[in-house]
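Biologist: Please put the structure up, and then I will ask about it piece by piece.

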Amino acid sequence: MAQKKQIQTISFIALLALMIVLMGKVLLPYMTVLLWSAVMYILISPLHSRILARFNKKSRLYEFWRHILAGLFALGTVLVLTGIAIFLGFKLIGQVKIFLEEIKLFVLQNPHFFRNEGIGLQISKLVKDLSLGSIDLSSLNVKAEILSFLSKYSNRIASFTGGVIRNLSNLVISLFFICFALYFFFLDARYLANVLVSAVPIDQKNTKHLLSKFRDVTKNLFMGFFLVAFYQAIVAFIIFSIFRIQGSLLFAVLILFSSFVPMIGTGLVWGPIGISLIFSRSFATATVFGLLCAFFISFLDNFLRPFFLKDRIKIHPLLIFFSIIGGLKVFGFNGVLLGPLIIILFFTILDIALEEDVIGLTSETIE
């Protein structure tokens, strides 16, 4: 009898594992849609909840207006974000192409830039000193190398633009699915969360804790890292535009990504631009540019990030940086969010395991 019960238990576990694998395969093609729908919902749900709280729940039309509000929020969120992304995307592609063409023109007009007296020779000597003599720009055929590089990436930009246009129908379908998922998140988020808690075969208390952690991490990642990065990019775009820097939007986007680099951060972008202004314009212009960038882009970051985070994410910035880079490599664009989430949720699960003594470790055994 005991053997029969054991076989039944093993069979049930095997069946459950099979169904989990099959469910994963069914939902896998739409994981991107579900992921970004969940992120958008988490970020926008406080505003939705405030507006919904103003409705009279006793009214006969409450359910009708609740559905209408969910639909408006879902559609409005997708339209606003899509419009911003399309506008910035086409502007950015245009600026990148112009920037590459200007570099190509400069190289054609100055084929021996790193061999001539002046700034070119100084840059060549600086690079040679920093590389301990391993890189000598003056001995390279820089013209051929740069033209080959520019030609390759110009073609890539053209093919990327063509690919986006060709896959426009897939993009529209994905946006429709995101809108559809957002509608039901705004409508039945609590019910869907309870279904997930019931479906996961671990302690419900731990499942709820992980869901709560996912929500908090998503909010805090956005507020403490991405929102600060967006602020720095916007301020950089304004400053670059004031100083009439060619490709200001392109450099603002680079500022956005460099914001995640520990210690140096955005100085990787605005620093070289400031140095170039010394030679292209004047020392005074470069000084003013550098002071504005240092204060409004880099210095304020030291106050904004702690203000938004308030010790909610106790993970070192170096881990966040490499988790984003690793996430991009493994998951593509989704890795921007998935990378940090995996790292933070890993430590959360480890804490739960140690608290519950799931893996049999206690302070005595560790000692």
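The questions below go from the whole chain to single residues of a predicted model.

Biologist: How many helices and how many strands does the chain have?

Modeller: From the N terminus on, the elements run α-α-α-α-α-α-α-α-α-α-α-α-α-α. The count is therefore 14 helices and 0 strands.

Biologist: What share of the contacts with a separation of 6 or more comes from residues 24 or more positions apart?

Modeller: The chain has 367 residues, and buried residues make up 30% of them. Its accessible surface comes to about 24,200 Å², with 70% belonging to carbon and sulfur atoms. Among contacts with a separation of 6 or more, the share from residues 24 or more positions apart is 68%.

Biologist: Which residues touch the most other members of the largest nonpolar core?

Modeller: This core has 32 residues. The elements giving two or more residues to it are H2, H3, helix H6 (168-199), H7, helix H12 (317-331) and helix H13 (335-356). The residues that touch the most other members are Leu182, Leu221, Phe260 and Leu337.

Biologist: Which residues does Leu182 touch, not counting those up to four places away in sequence?

Modeller: Leu182 is one of the residues that touch the most other members of the largest nonpolar core. With residues up to four places away in sequence left out, Leu182 touches Ser37, Met40, Tyr41, Ala74, Thr77 and Val78.

Biologist: How far apart in space are Tyr41 and Thr77, C-alpha to C-alpha?

Modeller: Tyr41 is placed in helix H2 (residues 31-53). Leaving aside neighbours within four places in sequence, Tyr41 is in contact with Leu182, Phe185, Phe186 and Ala189. Tyr41 and Thr77 are 36 residues apart in sequence, and their C-alpha to C-alpha distance is 9.3 Å.

Biologist: Is the ring pair of Phe240 and Phe289 stacked or edge-to-face?

Modeller: Both Phe240 and Phe289 are buried. Phe240 lies in helix H7 (residues 204-242) and Phe289 in helix H10 (residues 283-299), 49 residues apart, and the pair links distant parts of the chain. The ring centres are 5.7 Å apart and the planes are at 25°, which is under 30 degrees, so the pair is stacked.

Biologist: What is the class of the ring pair formed by Phe176 and Phe177?

Modeller: A search of the whole structure finds 13 aromatic pairs. In the pair of Phe176 and Phe177, the ring centres are 6.0 Å apart and the planes are at 55°. That angle falls between the cut-offs of 30 and 60 degrees, so the pair is tilted.

Biologist: Is Phe176 buried or exposed?

Modeller: Ring pairs link Phe176, Phe177, Phe180, Tyr183 and Phe184 into a cluster. Within it, Phe177 has a relative accessible area of 31% and is partly exposed. Phe176 has 54% relative accessibility, over the 50% cut-off, so Phe176 is exposed.

Biologist: How many residues of helix H8 are buried?

Modeller: Helix H8 covers residues 248-258 and is mostly covered. Its buried residues are Ser248, Leu249, Leu250, Phe251, Ala252, Ile255, Leu256 and Ser258. One of these, Ile255, is included in a second, separate core of 16 residues, together with Phe240, Ile245 and Leu277. The number of buried residues in H8 is 8 of 11.

Biologist: Which residue forms a salt bridge with Glu63?

Modeller: The structure holds 1 salt bridge, and its closest N and O atoms are 3.1 Å apart. The partner is Arg66.

Biologist: What is the phi of Arg244?

Modeller: Arg244 is found in the loop between H7 and H8. Its relative accessible area is 68%, so Arg244 is exposed. Arg244 is not a glycine, yet its phi is positive, at about 55°.

Notes
Residues are numbered from 1 along each chain as its sequence is written. This is a predicted model: local features need pLDDT of at least 70, side-chain atom pairs count only at pLDDT 80 or more; totals for chains, interfaces and linings use all residues. Side-chain values use heavy atoms; hydrogens and water are left out. Rings of Phe, Tyr and Trp (its six-membered ring) pair if their centres lie within 6.5 Å; planes under 30 degrees apart count as stacked, over 60 as edge-to-face and the rest as tilted. Buried means under 20% relative accessible area, exposed over 50%, partly exposed in between (1.4 Å probe, protein chains only). Helices (H or I, at least four residues) and strands (E, at least two) are DSSP runs, numbered from the N terminus. Contact means heavy atoms within 4.5 Å. Accessible areas come from the Shrake-Rupley method with a 1.4 Å probe; for residues, only the protein chains shown count as cover. A salt bridge is a side-chain nitrogen of Lys or Arg within 4 Å of a carboxyl oxygen of Asp or Glu. A nonpolar core is a set of buried Ala, Val, Leu, Ile, Met, Phe, Trp, Tyr and Cys residues joined through side-chain atoms within 4.5 Å.
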